[in-house]
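Please open the model in your viewer and keep the selection tool at hand. The tour moves from one selection to the next and says what is to be found at each stop.

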Number of protein chains: 4
Amino acid sequence: MQKVCIVGANGYSGVELIRLINQHPFLSLELIVSHSNSGKVITDLYPHLSEIVEENLEVFDTNEIAEKVDIVFFATPAGVSMDYLPALVELGIKCVDLSGDFRLRSSQLYKDWYKKIHTNESYLQQSTYGLTEVNKEQIKNASFIANPGCYATAGLLGLIPMMHTGLINYESIIIDGKSGVSGAGRNPSISSHFAEVNENVKAYKLGAHQHIPEIEQILLDHCEIPIKLTFSTHLIPMTRGILCTIYVDLIKKISTNEILDIYRSFYKNAPFVRLRQEGTWPSTKEVLGSNFCDLGFFVDERTNRLTIISVIDNVMKGASGQAIQNVNILNGWEETTGLSFTPVYP
Amino acid sequence: MQKVCIVGANGYSGVELIRLINQHPFLSLELIVSHSNSGKVITDLYPHLSEIVEENLEVFDTNEIAEKVDIVFFATPAGVSMDYLPALVELGIKCVDLSGDFRLRSSQLYKDWYKKIHTNESYLQQSTYGLTEVNKEQIKNASFIANPGCYATAGLLGLIPMMHTGLINYESIIIDGKSGVSGAGRNPSISSHFAEVNENVKAYKLGAHQHIPEIEQILLDHCEIPIKLTFSTHLIPMTRGILCTIYVDLIKKISTNEILDIYRSFYKNAPFVRLRQEGTWPSTKEVLGSNFCDLGFFVDERTNRLTIISVIDNVMKGASGQAIQNVNILNGWEETTGLSFTPVYP
Amino acid sequence: MQKVCIVGANGYSGVELIRLINQHPFLSLELIVSHSNSGKVITDLYPHLSEIVEENLEVFDTNEIAEKVDIVFFATPAGVSMDYLPALVELGIKCVDLSGDFRLRSSQLYKDWYKKIHTNESYLQQSTYGLTEVNKEQIKNASFIANPGCYATAGLLGLIPMMHTGLINYESIIIDGKSGVSGAGRNPSISSHFAEVNENVKAYKLGAHQHIPEIEQILLDHCEIPIKLTFSTHLIPMTRGILCTIYVDLIKKISTNEILDIYRSFYKNAPFVRLRQEGTWPSTKEVLGSNFCDLGFFVDERTNRLTIISVIDNVMKGASGQAIQNVNILNGWEETTGLSFTPVYP
Amino acid sequence: MQKVCIVGANGYSGVELIRLINQHPFLSLELIVSHSNSGKVITDLYPHLSEIVEENLEVFDTNEIAEKVDIVFFATPAGVSMDYLPALVELGIKCVDLSGDFRLRSSQLYKDWYKKIHTNESYLQQSTYGLTEVNKEQIKNASFIANPGCYATAGLLGLIPMMHTGLINYESIIIDGKSGVSGAGRNPSISSHFAEVNENVKAYKLGAHQHIPEIEQILLDHCEIPIKLTFSTHLIPMTRGILCTIYVDLIKKISTNEILDIYRSFYKNAPFVRLRQEGTWPSTKEVLGSNFCDLGFFVDERTNRLTIISVIDNVMKGASGQAIQNVNILNGWEETTGLSFTPVYP
């Protein structure tokens with residue numbers, strides 16, 4: 001049994017971690033931390049946890065955490081974990097950071113896209129990128145884990161198997177992302193106000209989303225060619241779910257079924273990646289509440305362009321579910337431990 | 001390990017049973033049956049079950065079922081189980097009927113409210129009403145179980161603790177029910193068409209809902225006075241969830257906190273009933289995906305009227321979750337076995 | 001042509017007034033005022049007004065307003081108009097207050113329910129309550145108008161025709177209100193955050209909603225008996241619309257059709273009240289974007305209780321639409337001038 | 001005053017036409033026709049029309065129509081108007097076809113994409129494509145009008161101004177379409193069932209949508225080079241609205257502001273096209289209930305790719321609104337007559 005602390009337990013990723021840890025056979029929740037709500041009982045903020053977890057939210061205290069727990073999840077906004085995670089890592093605590101603070105290897109990129117100065121640059125190179133299906137070996141021996149962004153997870157799982165194939169035009173990649181509103185967190189704002197979001201679709205942060213350099217960095221690892229892609233984000237009137245529609249130009253003729261073979265082979269040991277057969281494509285509801293990433297494909301013979309549909313639950317595979325999956329790997333447990341949820345449907 | 005068959009596996013209660021059985025340590029799914037879709041693979045209808053359950057839907061065959069399984073769930077529309085359940089019961093198979101066919105003890109009431117002639121009247125008296133919190137002893141030894149209606153579950157769990165108290169005017173009971181659309185099943189119709197339901201609230205079946213006699217029958221058991229109540233149903237633009245706002249006139253002065261004491265005492269052994277403290281009331285999202293029924297109270301001193309707020313997930317505590325809870329009781333297992341889901345939030 | 005100013009033009013009632021004034025043949029918008037956003041162009045806050053209204057939001061200045069316009073709408077939160085409206089009235093400007101500041105005749109009730117001290121008590125008695133269908137004669141000669149609350153409009157239009165009939169038990173009135181989220185305004189908060197409201201129903205402010213004394217005060221006018229009623233409010237995952245389910249005990253036998261006759265007679269000159277025939281009830285979507293209040297009825301012979309369903313668009317008949325309707329009356333124009341919108345469906 | 005008939009008045013485009021004709025100063029509704037619902041009163045199907053339009057739906061009768069009306073709108077599914085429209089055109093009746101039957105000039109393309117044999121091929125060449133902003137001169141003298149598809153309208157208004165500029169790579173065009181559910185009409189099906197659509201996004205008809213050849217045909221008119229594009233469609237959990245995200249590779253360096261100049265010039269006489277300034281993009285709610293098409297732009301210097309955001313209300317500018325706009329042009333009336341709706345917000 002490993003003891004666990006969640007920093008930022010008052011956000012959506014935080015409460016999802018509580019749900020998952022609660023169902024996990026080898027994890028026990030010892031400490032929940034919140035800067036903005038310390039002193040409050042978590043059920044005052046989240047009555048759905050009544051009689052399940054009724055602990056107080058505590059202030060952050062490195063020594064107390066290091067004494068009490070084995071694993072720390074940072075479910076904090078950008079700019080927090082860079083200050084607090086390194087000390088815990090030094091003390092030998094396993095850390096998983098769900099924020100973007102340790103995903104980019106370059107502090108310059110961090111500054112350009114996050115509009116903040118990184119305060120612990122030297123740790124950027126030590127972090128292990130926790131896209132589980134792709135980085136399993138490194139994760140086993142990670143010093144600490146930078147859990148991928150939600151869009152980045154959906155986009156990368158859809159794209160990576162094509163990167164080595166020599167089949168695509170590397171300059172042609174476009175990801176059209178569509179996300180539910182929970183991805184924006186629990187902080188009230190007009191852009192997540194019900195009356196503004198409901199019965200509405202809108203594009204936002206065109207050309208400026210911080211997952212762009214994250215995706216490009218990882219794609220580079222898989223094709224050794226610097227990639228510049230177009231990635232657009234859209235807000236959808238739903239709570240959970242991301243669907244990425246990915247477009248790539250093919251430089252050779254290939255059928256949808258041959259594409260499927262490439263992915264079947266790539267993901268043969270990936271219990272959370274499911275492939276739809278030709279002519280059908282996954283929808284976000286088909287993975288809701290689960291850790292699955294479902295993929296579907298279409299090769300348009302008219303344009304010789306491949307369309308990939310990738311869906312995840314942004315709070316699960318896009319955040320807390322993948323964090324638990326990484327902790328499973330890190331501890332040498334079965335990857336699916338505590339994560340075998342059937343999607344909640346309808 | 002008990003082997004299980006679901007009849008009507010192609011409906012929403014059916015697939016929810018699949019989700020629950022899949023997580024249950026002592027149940028294994030052997031057979032899924034569908035009249036309208038026999039021969040099809042379940043994942044053709046429900047891709048979210050890919051790589052989880054990929055069985056064919058079979059035709060109904062009493063002997064085959066009796067040979068293969070120990071427990072049968074009927075997740076069928078009204079008018080089906082009355083023809084098929086009795087033969088299985090005779091063969092010693094444990095049956096749980098999620099439809100309304102065996103809930104009313106009077107075939108005349110069945111005819112009046114379901115607009116059908118009952119074909120196996122004699123079984124009406126043998127059935128055990130599966131409102132777990134209230135009927136636990138009878139369920140232990142049930143010959144077969146009539147699982148309560150979704151609205152009836154929310155209404156009765158909210159009302160029953162008051163029935164013996166001598167505190168209420170029995171003629172004053174009003175239940176204002178609000179339900180998500182999944183309660184209407186998966187059969188397409190204009191009344192469940194997205195463009196008609198979205199951004200809309202409507203009342204339906206006023207004075208004609210078949211859960212009225214069901215609630216009245218059970219209330220009579222708990223106060224020995226025939227009850228006639230007003231029960232109104234409203235369709236809410238959401239998928240899952242029922243909220244019942246229950247109004248009763250008080251005939252004595254009593255505070256909200258004293259009411260809470262009555263419920264605390266009544267539900268002290270009920271792991272799935274949670275009570276909100278004075279001044280707060282539960283919302284449907286706080287039980288989504290779980291088997292909880294959450295209750296909140298308000299005594300209006302100005303009118304001496306008690307308002308009770310009762311919420312459930314209609315597909316869980318209002319159908320499949322409670323069915324599993326009943327099977328747990330029936331088998332002598334811990335009531336919460338396979339049902340300890342934290343609500344999915346947000 | 002009358003010149004118009006909107007104070008609080010940056011809220012939802014404010015922009016709805018802009019939409020309506022823009023379509024009105026005899027009103028022209030001269031000035032838009034906002035305390036919190038003065039200096040901004042309205043289209044920065046509401047791009048849907050691009051190329052329609054692109055004015056700056058101004059600070060409030062009594063003299064400037066009095067010089068420039070004939071009519072002022074206050075679409076402000078509670079506690080604002082009580083300080084600013086009286087001076088305008090003194091200067092002979094026609095004012096319509098969409099807030100609750102001048103609806104209650106008693107400053108004590110204002111303090112009890114609004115939790116504020118009224119700063120201009122003497123004006124409480126001068127105000128005319130703008131429930132158009134009921135107060136048309138007084139509105140014609142009003143010094144200024146207190147536009148009714150949204151719930152109060154739906155509740156009162158449903159109840160008033162019964163108050164004089166001698167058919168009902170005055171102690172039995174219950175209004176179960178269900179509202180879209182726009183009623184809470186545009187100020188972001190967790191309770192109107194998309195991820196919290198979507199796929200959710202919740203009760204709020206039980207026994208504490210400020211429309212309770214408003215409804216009771218007006219009902220008293222129509223039956224000369226002090227009324228204490230139960231009024232519950234529920235938040236529905238939709239943007240616009242209010243549905244009130246109203247319950248009253250009947251003290252005589254009467255059929256649904258006889259009830260319909262009472263309402264037909266009462267509303268024979270009310271172009272915005274529509275009655276559904278027996279066996280059907282209105283839904284909120286059927287009035288969306290329009291100024292209609294639709295009513296449906298059900299007499300339950302089993303309980304001798306009348307259920308009334310009343311629906312409005314809360315931003316229209318529940319706020320800005322009724323404000324324009326009142327201005328029409330006040331100016332001696334046809335009541336429907338500029339308001340003949342067919343509901344937007346679907 | 002022109003007299004009007006709507007064929008297919010029982011569908012969503014049909015009732016939207018009723019709403020618009022009702023507000024139009026020069027059109028009067030004489031006849032509503034429905035094959036599937038003839039004999040019924042329209043308010044039995046659409047209670048929101050109570051006291052507004054309460055006519056019977058009639059069977060289709062060419063002679064009766066020709067005698068009674070000047071203009072006929074076909075708001076019918078594909079495959080209907082091709083049989084009925086030609087006879088009316090021969091009799092001199094002005095027809096606007098909102099279906100796809102006369103949009104494609106090639107009967108082979110019609111067969112390939114609509115999976116039907118066209119029964120009146122010779123009329124394909126006579127029809128005028130009713131994309132108002134682009135075809136105004138031809139519409140003035142049209143024999144009859146093929147009203148554009150909803151996606152095609154949003155896509156083409158976004159793309160056409162770029163086609164002549166010599167700035168784009170013609171092989172690179174991708175349209176990622178996102179639509180509300182009303183576009184699928186009122187016929188119930190699982191794919192438009194509330195519980196399946198709500199809290200869900202899905203891709204559908206990849207590479208097979210019938211608006212693909214429609215868009216390609218019109219683009220060819222504007223660049224004289226045969227275009228093959230990728231067009232993907234996604235179902236969004238909302239009722240109204242289409243947002244198209246359009247991607248084109250630029251072959252020269254150009255800024256977002258220079259792009260804006262191109263569109264400003266192209267649409268200088270287009271009252272229903274609104275352009276958002278650099279750094280902001282329109283959302284579907286900002287045009288809801290109105291006839292506007294709002295456009296926003298982003299040039300990504302990193303990839304030299306242009307992203308165009310185009311939004312419309314699919315039932316208005318994407319169907320019935322544009323049909324009225326075309327009738328205005330056809331009759332020599334001001335283009336905006338009866339269409340000056342401010343969007344309904346929120």
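Begin by selecting C150(A), which touches H211(A), I242(A), I312(A), N314(A) and G318(A) when residues up to four places away in sequence are not counted, a contact being heavy atoms within 4.5 Å. This is a predicted model, in which local features need pLDDT of at least 70 and side-chain atom pairs count only at pLDDT 80 or more, while totals for chains, interfaces and linings use all residues. Residues are numbered from 1 along each chain as its sequence is written, chains are lettered from A and ligands numbered from 1 in the order in which they are written, and side-chain values use heavy atoms, with hydrogens and water left out.

Staying on C150(A), note that an unreviewed UniProt entry lists this residue under "active site"; UniProt positions are given in the numbering used here, feature names are shortened, and annotations may be inferred rather than shown by experiment. C150(A) is placed in helix α7 of chain A, residues 150-163, where helices (H or I, at least four residues) and strands (E, at least two) are DSSP runs numbered from the N terminus. C150(A) counts as buried because its relative accessibility is 16%, with buried meaning under 20% relative accessible area, exposed over 50%, and partly exposed in between (1.4 Å probe, protein chains only).

Next, show chains B and C together. Here 49 residues of chain C are in contact with 49 residues of chain B, and the two chains bury about 4,000 Å² between them, 56% of it on carbon and sulfur atoms; buried area is the accessible area (1.4 Å probe) that two parts lose on being put together, summed over both. On the chain C side, select E199(C), L206(C) and R302(C), which lose the most area to chain B and together account for 18% of what that side buries.

Which residue of chain B forms a salt bridge with D176(C)? The partner is K178(B), with the closest N and O atoms 3.1 Å apart, and the count of salt bridges between chain C and chain B is four, each being a side-chain nitrogen of Lys or Arg within 4 Å of a carboxyl oxygen of Asp or Glu.

Now move to chain B and select K317(B), placed in helix α11 of that chain, residues 316-330. K317(B) is buried, because its relative accessible area is 0%. Leaving aside neighbours within four places in sequence, K317(B) is in contact with a set of residues including T132(B), E133(B), T153(B), L157(B) and I312(B).

Then compare two backbone details, in chains C and D. The peptide bond from Y345(C) to P346(C) is cis, with omega near 0 degrees, and P346(C) lies in the segment after α11 (316-330) of chain C. In chain D, a cis peptide bond joins Y345(D) and P346(D), with omega about 0 degrees, and P346(D) is placed in the segment after α11 (316-330) of chain D.

Finish with two lysines. K205(C), in the loop between β9 and α9 of chain C, has a positive phi of about 50 degrees although it is not a glycine; K205(C) is partly exposed, with a relative accessible area of 39%.
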